[in-house]
Amino acid sequence: MCKGLSSLPSSCLEKAKGMRVKLSQRAETYHKYKVHDGKACQDLETLLTHKGGLQAFRGFLRKEFSEENLAFWLACEDYRVSPSDQQKTKASSIYNRFINPDAPQEVNLDAETREALLSLMDSLRADTFNEAQQRIYSLMAKDSFPRFLRSTHCMEAVKAY
């Protein structure tokens, strides 16, 4: 049966010790970050309000070739607070950059949401992009953000605080 750790080669034991040290350091660093800011790194909303966290998340998404989701979310935030005389220009820019099927940074939206946006482009309001923005936010929160938390980008951001 099991002969215990003593039967393993010393090189395996050394590697295991090294891995244990690295894991405990990461856990300690993550814990310090959470303690530093109470909620930091616990949810995407909080991360997006911290300049350093936002930069680290953007770098991570760039590395994963999915930066367009964050760029779209930020463009929608900017649109929402824009004066009404700038909304038409900004809405057109958002649509052409992210929504249009031939967009250079096309985001992953379902056909129904795309059609709804197209119909709203003639009667713009501050909340025109809310539904699409929420869908992309949910996608980032469920997919990109958990991977970010396990990444070296997150650990680097933690150390920067």
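This is a predicted model: local features need pLDDT of at least 70, side-chain atom pairs count only at pLDDT 80 or more; totals for chains, interfaces and linings use all residues.

Biologist: Where does His50 lie, and what makes a polar contact with its side chain?

Modeller: His50 sits in the loop between α2 (44-48) and α3. A polar atom of its side chain lies 2.8 Å from the backbone oxygen of Thr46. A polar contact is a pair of N or O atoms within 3.5 Å; within protein, one must be able to donate a hydrogen and the other to accept it, and residues adjacent in sequence count only if both atoms are side-chain atoms.

Biologist: How many helices and strands does the protein chain have?

Modeller: There are 8 helices and 0 strands. Helices (H or I, at least four residues) and strands (E, at least two) are DSSP runs, numbered from the N terminus.

Biologist: What makes Phe65 exposed, and what is noted about its phi?

Modeller: Its relative accessible area is 73%, so Phe65 is exposed. Phe65 is found in the loop between α3 and α4, and it has a positive phi of about 60° although it is not a glycine.

Biologist: How is Thr152 classed, and on what value?

Modeller: Thr152, in helix α8 (residues 152-160), has a relative accessible area of 38% and is therefore partly exposed. Its C-alpha atom is separated by 8.7 Å from that of Phe60, 92 residues apart along the chain.

Biologist: How do you know how α3 is oriented to α7?

Modeller: Helix α3 (residues 51-63) and α7 pack at an angle of about 95°, with their axes 10 Å apart. That makes α3 roughly perpendicular to α7. Angles under 35 degrees count as roughly parallel, over 145 as roughly antiparallel, 65 to 115 as roughly perpendicular and the rest as oblique. The axes are lines fitted to C-alpha atoms, for helices over the stretch in contact, and the angles run from 0 to 180 degrees between N-to-C directions. Among the residues that meet are Phe57 and Phe60 in α3 and Met140 and Phe145 in α7; contact means heavy atoms within 4.5 Å.

Biologist: What term describes α3 and α4?

Modeller: α3 and helix α4 (residues 67-80) pack at an angle of about 140°, with axes 7 Å apart. The two helices are therefore oblique to each other. The contact includes Leu54 and Leu61 of α3 and Leu70 and Leu74 of α4.

Biologist: Which residues of α6 are buried, and what places them on the same side?

Modeller: In helix α6 (residues 111-120), the buried residues are Thr113, Arg114 and Leu117. They cover an arc of only 100° around the axis, which puts them on the same side of α6; the arc is that of the directions from the helix axis to the C-beta atoms. These buried residues pack against α5 (84-99) and α7 (130-149). The face turned away from the buried side of α6 carries the exposed residues Ala111, Glu112 and Glu115.

Note on methods: Residues are numbered from 1 along each chain as its sequence is written. Side-chain values use heavy atoms; hydrogens and water are left out. Buried means under 20% relative accessible area, exposed over 50%, partly exposed in between (1.4 Å probe, protein chains only).
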